[in-house]
Amino acid sequence: MKIDPVMVELVTNSLVRCCEEMRVTVERTAYSTIISETVDFSCALLDTDKNLVAEASGIPVFLANLSEAVSEVDRIIGFENLEEGDVVFCNDPYSGGFSHNPDVTVIAPVFYEGHLVLFSAFKGHILDLGGIYAGGWYNNTVETYQEGVMFPPVKLYIRGAPNEDIIRVIRRNSRLPEALLGDIRAMVSAVRVGGERAKTLIKKYGKEVFFGCVGQTLEISEAIARKAVEAIPDGVYSGHYYSDGGGDDTKPLSDRLMVKMTITVDGDRLVVDLTGSSPQCAGPTNCPRPTTVSQIRYGFKALTTPFMPSNEGCFRPLEIIIPEASIFDPLMPTATSLLWAPSVSLPDLMLKLVTSQAPDKARAGHFGDVCADFLYGTDPRTGRFYIYAEPTAGGWGAKPYEDGETMFCYADGNTYSMPVEVLEVKYPVRVLRYGLSPDTGGPGRYRGGLGIFRDYSPVGHTMRTTVTFDRRKYSPAWGVFGGKEGYPNKVVVLRNGSSEEYGKITDLEVHSGEVISLRGGGGGGYGDPMERDPRAVAWDVLNGYISLEAARREYGVVLDPSSLEVDEGETAVLRGPGKGAK
């Protein structure tokens, strides 16, 4: 049925609001800071054809996983076997979870007048569900069995009552059972809230109007996306980058990994082909197919409909080809703990390739990894085990009209930095320094965003840590149109006056009085650095973004060390003719 456009907008935005209410529910009730403070999760509503209908702002790369997870619920449990009040739980990377073990999915079927009409879904990171070390994130695993307990889709609640058999298994296999079960209860509350709010909308507008609006929203989104693809010049765009490989730095399991991409644009259709990428590797640097699809969808949306709410219609013009048994579609039981390492920069590469001949639209590369760190040990204040997890921010690439930002990576979407005050109250850790890293942004007419440093020291105990900072060895953030690359990601451990540098290390001891410094890399630069306005260079030096030496070396700008005034004569000599302010 054809419905008034105003009604379509009302229903569409009301559905988004349902998802936002799910998000707020979890933020207010979760036990773990990775959920309540960092907001490492996504919420969505899907229809019975597994189409994404609406989502809250959150981790964008979880969204294709939710569609696949609903499909897996149908395959394993069967929609016909779902009842009012059921809640499904899963985290198996190869069956329903579709990422890595610490990411759990909770799905509630939504019934209206006795019929299954929607699914309310949540996917988020939990702190521990078994595995060889705390936290569920490793660099050295070689099969998924080492990474924690795996649940294919199972009924966590049956007709509204908790399934105590499953809950006992979850409790028994976590180092932090109270926090984990508290987080799961928060997730269950969220999907129930989403389902109830959706049913209220159906009752308000009527089933026929409601689903008519949903259908038209998907069609409108598809039409807009196709028009955006048509605006991209037809052709074949190809390129690659390298991930650092799997294993700890002290014991590599695989060499650098090739990420190969070919994009074909033909009219209103865009095909992304990952043929030529490395085969699945030893170690956990492998990304299950649904997460690969999610990463590519993110890049596609950035190219086509960046300001529209996400739904399945946005992605109908997109075709994705992924070779089986590759790092982007591994076979069971390949380890997947570090799925982010090869996949985080897929959206980056898409933007680079498609805009390579469009100076007004191109963007330089960003620092290219989640840069996750896990700090854990026994809190001397309470005698209880703790796990603290967070991503590390870094620099994004410069644009044709402004410098790059400093944020979390593409894959982490709308996550937040843990406030230092909260961290130091909750955990026996002191934050010694936290700020922007000078000289890390790639030089250019517009400078890449700066990296972040954050220095921790355990208080009164020996802390253990697992850190994963990819693209330290290969493929730092690339510059475009003459811009230079950004500074790579790295971790530095300071002990008794000496330092150790890592990209990836698992279960490393850090003693009281020692320091672990997490350093996200910088973004790439845009354009020739010698064309940057000398006044902008002076401003960067004044604010501590670049050093006096870098101003001279990278930008050809000479400043008076006391006043930071530009020495125009010396600058003109260094830059040569035609390289003045733009």
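Axes here are lines fitted to C-alpha atoms, for helices over the stretch in contact, and angles run from 0 to 180 degrees between N-to-C directions. The model is predicted, so local features need pLDDT of at least 70 and side-chain atom pairs count only at pLDDT 80 or more, while totals for chains, interfaces and linings use all residues. Residues are numbered from 1 along each chain as its sequence is written, and side-chain values use heavy atoms, with hydrogens and water left out.

**Exercise 1.** Determine how the axes of helices H1 and H6 are arranged and which residues make the contact.

*Solution.*
- Helices (H or I, at least four residues) and strands (E, at least two) are DSSP runs, numbered from the N terminus.
- The axes of H1 (residues 5-29) and H6 (residues 207-230) come within 9 Å and cross at roughly 90°.
- H1 and H6 are therefore roughly perpendicular, a class that spans 65 to 115 degrees.
- Contact (heavy atoms within 4.5 Å) involves Met-7, Val-8, Val-11, Thr-12 and Leu-15 of H1, and residues of H6 including Phe-210, Cys-213 and Ile-220.
- The contact residues comprise 9 nonpolar, 3 polar and no charged.

**Exercise 2.** Describe the pairing and burial of strand E5.

*Solution.*
- Strands pair if DSSP finds at least two bridges between them.
- E1 (residues 41-47) runs antiparallel to E5, joined by 7 bridges; Phe-41 stands opposite Gly-124.
- E4 (residues 103-112) is also antiparallel to E5, over 10 bridges, with Phe-111 opposite Leu-116.
- The hairpin of E4 and E5 has 2 residues between the strands, and Glu-113 takes a positive phi near 55°.
- In E5 (residues 115-125), 9 of 11 residues are buried, meaning under 20% relative accessible area (1.4 Å probe, protein chains only).

Methods. Buried means under 20% relative accessible area, exposed over 50%, partly exposed in between (1.4 Å probe, protein chains only). Angles under 35 degrees count as roughly parallel, over 145 as roughly antiparallel, 65 to 115 as roughly perpendicular and the rest as oblique. Ala, Val, Leu, Ile, Met, Phe, Trp, Tyr, Cys and Pro count as nonpolar, Asp, Glu, Lys and Arg as charged, and the others, Gly among them, as polar.
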